[in-house]
Amino acid sequence: MASLYHASVNISNLEQLAMQKSIIHKIHPMAKLISAIVYIVVVISFSYKNITGLVPFIFYPVILISLANIPYKFLLKRTVIALPFSLMAGISNIIFMPFTDGMISFVAVMLKTFLTVFAALILIATTPFTEITHQLNILRIPKILCLLIVMTYRYLSVLMTEAFIMHTAYILRSHKQNGIKLKDIGFFLGQLVLKSFDRAERVYNSMKCRGFDGTYYGKYSGMRISDIVYIVVVAGLAIFLRVFNLSLFIGGII
Amino acid sequence: MHMVDALLSPAVGGAMTAVSVGAIGLSVAKIKNTSENPDKFDEKKIPVMAVLGAFIFAAQMINFTIPGTGSSGHIGGGILLAAILGPFPALLTLASVLLIQCLFFADGGLLAYGCNLFNMGVCACLFAYQIIYKPIIKKWGLNKKTIFVAAVFSAITGLQAGAFMVVLQTAISGVANLPFATFAALMQPIHLIIGIIEGIVTAAVLCFIHSVRPEILDNNISRTNTVRPYKLLIIFIILTLIIGGVISIFASQLPDGLEWSIEKTEEISGIEISNDDTAENIVLEYSPIGGIIGSIITVALAGSIGFIIHIAKKQRKQTGES
């Protein structure tokens, strides 16, 4: 089944990217998390008319992508997934607004989509997922949720393999069929739930054997000066560019 | 439908995140309450929740054919999780699934996470499940008929509420210029159909589980309910209004601050700088060409910086190898 297969490939690709070693990968995860959030907030705070103000924000993804060795094509492919809803809203702007305004806001919405999606993807492509959940724990997100996120993530591949096997078995026995029939889906997913329950039982037993008592473990490493500099530079530049329109400035010089 | 960052205003994103964090906090407190030892929650539940979270993730990728239409669909799973795990653990499970989806698959966004958790998690698990599924099962007992009715109606309600929230969040954010009524008229009927299908599939899965392992569903419903659903809903609405109000007050004060700083910068640098309110004038009247040329140069500049870093890295690698 295509989407299950693609999803697992996607996760392992992102995991491999996050395992690389580069200047960006070395930055403290908390620094990357904070600066990414500041960046996204600033980007979405622009009004829908202001394209020239948004354009300079392209520096962030471009510089990070090339410093962190992330393939452009890979990010672009992932971004396409996020497009339909934005595209619909953007096109509606063209329809419901005067044409020039509509076009301007359409471009702004698409630009915002690319910038925000890139920011999130760059974060996950340069930071191992367990590091991010660890930061959430430090940020006082309840440990039960942090544990849950880490474990859900761990068991994704297991359950996806399980579903993939069942799906293949089903499709092989049904001639000329794209998906599962509606009348069978209850049994199919029901079986998957029961398998999940059994799996969870075994997971719990083996975790218990290794001393699990509901505590979330993670090693805390402090931020270095360079990490703080990174936050200040990224957040500072983002806020500066929010106020100062670089594109118009450059255009004005010429 | 996943809400995306690009269509949100910071105020709406912030308010929804705050409300969703509240819902998560409530759920964590509830789970700790129901376990025997309040200090250490029932740690056995975590693997079950995590594995079922992974299950929902996988299940959302399995398409089934919808008879007579030629199209295919997949389940959302909010009601299914709530019926199996109970509403509060289900919400936490969905929270972790949505976070993974948001980071790894660009479904939604970091700032839209709060919106998505509310639209798909709170609306299904804490609202539809509590006001429809649970009362029906409690009143008429657990059998195939009641499961079917309860699942279909709660799935419809959950999705209608979620779709309406998407419309509301988009409209209040004001990034997309969709007229509220048109957007609602588009979203609600689509989600009615999706809701009916989701309900039927959820019912089929639950009926199967009920006939094979009835104890899974029994355990959950027999637990006493300490929070009244109506109360919960009212609390959430009030919370959203308060937080939204506070943030928008700040947001409305912020432009003044911005204007002030822009004036200052203009004074110092002697350059006219755009500001949101005048951006349109500047783009359209003041110097459209300047803006466009400036933007193109900026993009080119960014691109060349990326290219230079790329080349520099390559050379460094080559010298390192030789």
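Modeller: A:Asn69 sits in the loop that joins helix H5 (59-67) to helix H6 (72-96) of chain A; helices here are DSSP runs of H or I with at least four residues, strands are runs of E with at least two, and both are numbered from the N terminus. This is a predicted model, in which local features need pLDDT of at least 70 and side-chain atom pairs count only at pLDDT 80 or more, while totals for chains, interfaces and linings use all residues. Residues are numbered from 1 along each chain as its sequence is written, and chains are lettered from A and ligands numbered from 1 in the order in which they are written.

The phi of A:Asn69 is near 55°, which is positive although the residue is not glycine. Most residues other than glycine have a negative phi. A:Asn69 counts as partly exposed because it has 17 C-beta neighbours inside 10 Å; with C-beta atoms placed from the backbone, a residue is buried if 20 or more other C-beta atoms lie within 10 Å of its own, exposed if 12 or fewer, and partly exposed in between.

A:Pro84 counts as exposed, because its C-beta neighbours inside 10 Å number 12. From A:Pro84 to A:Phe118 there are 34 residues in sequence and 16 Å in space, C-alpha to C-alpha.

A positive phi also occurs at A:Arg140, where the value is near 70°. A:Arg140 belongs to the loop between helix H8 (129-138) and helix H9 (143-172) of chain A, and this positive phi comes just after H8(A). A:Arg140 counts as exposed because it has 7 C-beta neighbours inside 10 Å. In H8(A), by contrast, the buried residues are A:Phe129, A:Ile132, A:Thr133, A:His134 and A:Gln135. Their cover includes helix H3 (29-44), helix H7 (99-126) and H9 of chain A.

Chain A as a whole has 12 helices and 1 strand, in the order α-α-α-α-α-α-α-α-α-β-α-α-α from the N terminus. Its C-alpha atoms fill a box of roughly 65 × 50 × 30 Å along the principal axes. Of its 254 residues, 47% are buried. Among its contacts (C-beta atoms, placed from the backbone, within 7 Å) with a separation of 6 or more, 81% link residues 24 or more positions apart.

In the complex, 100 residues of chain A are in contact with 98 residues of chain B. Helix H10 (residues 182-209) of chain A gives the largest share of the chain A side, 16 residues. That side divides into 66 nonpolar, 28 polar and 6 charged residues, where Ala, Val, Leu, Ile, Met, Phe, Trp, Tyr, Cys and Pro count as nonpolar, Asp, Glu, Lys and Arg as charged, and the others, Gly among them, as polar. Strand E1 (residues 180-181) of chain A pairs with strand E1 (residues 64-65) of chain B, parallel and over 2 bridges; pairing requires that DSSP find at least two bridges. A:Lys181 has B:Thr65 as its bridge partner in E1(B).

On confidence, the predictor gives the complex an ipTM of 0.88 and a pTM of 0.83. The mean pLDDT (the predictor's confidence in each residue, from 0 to 100) of chain B is 77, with 73% of its residues at 70 or more. Over residues 253-266 of chain B the pLDDT is below 50, and this stretch has 13 contacts in the model beyond near neighbours in sequence.

Terms used:
Contact = placed C-beta atoms within 7 Å.
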